[in-house]
There are 2 protein chains.
Amino acid sequence: MVIEVGDGEGLSARQRQVLDAALALLVAEGDRLTMTGVARCANCSKETLYKWFGGRDGLLTAIVQWQASGVRIAPVGTGTIDRPALAARLERFAADWLAVITSPTSVALNRLAVGHAGTGEADLGRTVLANGRFALARRLKPVLEAARAAGLVAFDDAEEAFRTFFGLVVRDVQIRLLLGDRARPEGAAIAADAARATTQFLALYGVRSRPARAGQT
Amino acid sequence: MVIEVGDGEGLSARQRQVLDAALALLVAEGDRLTMTGVARCANCSKETLYKWFGGRDGLLTAIVQWQASGVRIAPVGTGTIDRPALAARLERFAADWLAVITSPTSVALNRLAVGHAGTGEADLGRTVLANGRFALARRLKPVLEAARAAGLVAFDDAEEAFRTFFGLVVRDVQIRLLLGDRARPEGAAIAADAARATTQFLALYGVRSRPARAGQT
DNA sequence: GCACAGCCGTACCGTACGTTACGGTTCGGT
DNA sequence: ACCGAACCGTAACGTACGGTACGGCTGTGC
């Protein structure tokens with residue numbers, strides 16, 4: 001199965017406007033998003049919505065893909081990999097990821113996809129996973145493997161190492177937000193969490209190289 | 001705010017039957033659960049459903065509380081606390097928790113609550129969190145604090161330690177299941193994951209006492 | 001035996017919303 | 001200036017479902 005990662009290439013400027021409006025409405029209204037509401041809020045006709053997106057499912061799918069195309073995790077960058085650089089990079093990933101999953105937009109989209117999972121053909125959940133968790137893994141694994149090649153960390157399976165990192169970063173934050181708990185960390189807390197997760201990950205997988213005790217945050 | 005943890009005390013046998021049927025239907029149908037469907041499936045009339053539960057929201061709330069009353073995490077038990085006992089207890093918690101959150105029932109219920117979060121007054125999300133994540137924390141924290149008192153582990157904040165343990169146990173499993181990914185670990189994998197999470201948690205928080213190198217799993 | 005309460009099954013009502021259809025308007029091409 | 005395509009705004013249709021009403025059945029207290 002091929003998941004359309006959708007960089008919003010085939011969309012006209014007007015269509016992007018409509019999707020922006022729909023996304024904003026989704027964040028505000030949640031799953032009560034209605035075709036009439038989108039049309040009114042986007043100043044377009046329902047007929048146009050149906051022509052462009054085929055129906056409600058198509059619109060929702062387009063919204064998910066459109067938002068995904070706007071999420072950009074820190075590019076990997078192929079610089080030298082020493083211990084401080086690795087820590088900085090992991091911390092950056094963690095902070096970016098926390099910022100994404102705690103954003104109202106991401107929460108609304110994940111709620112939509114969760115509620116929609118297992119029903120219908122569109123399978124928004126698959127798309128959200130492809131653009132979220134799996135996209136993150138795709139970006140992070142090369143970093144982990146480069147670090148392993150440089151002797152900084154040790155693990156058998158990059159996938160397992162990634163999942164541990166994921167757990168250390170996300171913890172209970174995402175599920176709590178999805179379930180409506182007010183627990184959204186702001187800037188400073190996110191930075192602190194990212195640093196803690198990185199430290200813990202390196203404590204679990206890091207290789208104690210030489211005496212080098214410096215730069216442990 | 002007081003959350004009704006609901007041990008199903010005020011329910012007649014017949015009402016439990018109805019809730020069981022409704023829960024089964026919820027697992028099968030997802031959010032498309034309909035009052036008519038519940039009535040048909042439970043061999044009762046809609047009038048009775050409305051009389052007993054007040055409406056759809058009331059029924060959903062009753063379903064959530066009813067299922068929560070059936071979930072039992074390993075009781076804490078106040079035995080001696082040495083390193084192997086601590087590891088065994090953590091592993092037990094982790095395995096129980098993984099079994100719960102990966103069960104189709106839990107997935108269906110969490111999907112329902114997530115989709116329902118932020119809308120309406122019932123606030124199923126709050127109930128699910130109270131009976132899930134927070135109930136787990138309530139059970140686990142005394143164990144962690146007893147272990148700290150015994151000098152086995154070290155941490156400043158039991159809440160933070162719990163959240164780390166939670167992350168190490170759950171990782172990406174729950175969000176993937178909620179989003180419809182087929183990634184349900186079965187018995188052996190759950191046991192392995194529980195052991196790994198426990199080992200990692202003790203590696204992060206455990207106090208290296210004396211030479212004692214035995215019993216590291 | 002009988003009145004009555006509780007419940008089942010079903011029919012019914014009102015609404016919300018997805019979907020379709022249509023008249024009017026804007027705009028680019030010729 | 002004219003034509004056609006695309007699009008806006010709105011009205012209309014059909015259905016699904018939450019909620020309500022009612023007739024019939026069963027079991028229990030007197």
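Axes here are lines fitted to C-alpha atoms, for helices over the stretch in contact, and angles run from 0 to 180 degrees between N-to-C directions. Helices (H or I, at least four residues) are DSSP runs, numbered from the N terminus. The model is predicted: local features need pLDDT of at least 70, side-chain atom pairs count only at pLDDT 80 or more, and totals for chains, interfaces and linings use all residues. Residues are numbered from 1 along each chain as its sequence is written, and chains are lettered from A in the order in which they are written.

In chain A, helix 5 (residues 83-102) packs against helix 9 (residues 158-170) at about 55°, the two axes being 10 Å apart. Contact, meaning heavy atoms within 4.5 Å, brings A:Leu90, A:Ala94, A:Trp97, A:Leu98 and A:Ile101 of helix 5 of chain A to A:Phe165, A:Phe166, A:Val169 and A:Val170 of helix 9 of chain A. By class, this contact has nine nonpolar, no polar and no charged residues; Ala, Val, Leu, Ile, Met, Phe, Trp, Tyr, Cys and Pro count as nonpolar, Asp, Glu, Lys and Arg as charged, and the others, Gly among them, as polar.

In chain B, helix 8 (residues 133-149) and helix 9 (residues 158-170) pack at an angle of about 115°, with axes 10 Å apart. Helix 8 of chain B is therefore roughly perpendicular to helix 9 of chain B. Among the residues in contact are B:Leu140 and B:Leu144 of helix 8 of chain B and B:Phe162 and B:Phe165 of helix 9 of chain B. This contact of helix 8 with helix 9 of chain B has nine nonpolar, no polar and five charged residues.

Helix 4 (residues 56-70) of chain B packs with helix 6 of chain B at about 140°, their axes 11 Å apart, and the two are therefore oblique to each other. The contact joins B:Asp57, B:Leu60, B:Ile63, B:Val64 and B:Gln67 of helix 4 of chain B to B:Thr105, B:Leu109, B:Leu112 and B:His116 of helix 6 of chain B. These residues divide into five nonpolar, three polar and one charged.

Helix 6 (104-116) of chain B also supplies at least two residues of the lining of the second largest pocket, as does helix 1 (13-29) of chain B. Helix 6 of chain B gives the most, with five residues. By class, the lining has ten nonpolar, seven polar and ten charged residues.

Terms used: Heavy atoms only, no water. Parallel < 35°, antiparallel > 145°, perpendicular 65-115°, else oblique.
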